[in-house]
Amino acid sequence: MPGIVGLIPNDRDNLLLERMVNLIKHEEWYRIDSYSTPSVGIARVHSSIFNPEPQPIFSEDNNLCIFMDGKIYQYQKEMEELQRKGHKILVGNDAEFCLHLYEELGEDFAEKLNGSFVIVIYDFIKETLLIVNDRYGLRPIYVAMCGRQLLFAPETKAILENSAFQKEIDDEAGAVLFAYRGLLGNKTLFNKITVLPPGS
């Protein structure tokens, strides 16, 4: 499914992000927004129905950038309040609202959001990456560590595109799948790949 893929740091295989994107671009008409430096590589594959404006969106001081897949509901009053506090609204979409709300509240900003979303915020000064999903986990995001590199994607096969990642089946998860016709918790069929729990 479309969504957000990424890796941090992005200093080993400069074509890995492109390969990850191509694996989740299931339709020719899907659009791709991408940002890549040696520190971080992030891309959004989307249908351009919600928030069709190009991403990432940067903060006014260019210290932060945001990628978002999904939709936030009924935030107009909160957006107007942020404007009164001095935030400059340039794009006026869901992603920009979330970025300004993060600037105002820090990580607690996610508690104010109502919608179906995955949000990725990168801080260029602190060199930190924040991944947030909605309270129901309606848009899956899988995460894995490969050495010192963090990879994330809406499908596990994009993570497996990293040739350094050891592709090992989780036997326990496989047994659970056959017994209950589904996986429990944040397990996947692969060792070292987990799905981000809802509201994380």
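Packing here rests on contact, meaning heavy atoms within 4.5 Å. Helices (H or I, at least four residues) and strands (E, at least two) are DSSP runs, numbered from the N terminus. This is a predicted model, in which local features need pLDDT of at least 70 and side-chain atom pairs count only at pLDDT 80 or more, while totals for chains, interfaces and linings use all residues. Residues are numbered from 1 along each chain as its sequence is written, and side-chain values use heavy atoms, with hydrogens and water left out.

Which residues of α1 (residues 16-24) are buried? They are L16, L17, M20, V21 and I24. These residues lie on the same side of α1, because they cover an arc of only 135 degrees around the axis. That arc is taken from the directions from the helix axis to the C-beta atoms. Buried means under 20% relative accessible area, exposed over 50%, and partly exposed in between (1.4 Å probe, protein chains only).

## E155, between β9 and α4

Now to a loop residue: E155 sits between β9 and α4. E155 counts as buried because its relative accessibility is 14%. Its side chain joins that of H26 through a polar contact of 2.7 Å. Such a contact is a pair of N or O atoms within 3.5 Å; within protein, one must be able to donate a hydrogen and the other to accept it, and residues adjacent in sequence count only if both atoms are side-chain atoms.

Leaving aside residues up to four places away in sequence, E155 touches M1, L23, I24, H26 and Y142. I24 is also one of the buried residues of α1.

## The cavity

The structure holds one cavity of 30 Å³ or more. On a 1 Å grid over the protein atoms alone, a cavity is a set of points where a 1.4 Å probe fits but cannot get out, and lining residues have an atom within 4 Å of a point. Grid points are joined across faces, edges and corners, and a volume is the space filled by probe spheres set on the points.

About 50 Å³ of space lies in the largest cavity. Its lining consists of M1, P2, G3, I4, D69, V118, R139, P140, I141 and P154. By class, seven of these residues are nonpolar, one is polar and two are charged. Ala, Val, Leu, Ile, Met, Phe, Trp, Tyr, Cys and Pro count as nonpolar, Asp, Glu, Lys and Arg as charged, and the others, Gly among them, as polar.

Notes
1 Å grid on protein atoms, 1.4 Å probe; cavity = no way out; pocket = protein on both sides within 12 Å on 5 of 7 lines; lining within 4 Å.
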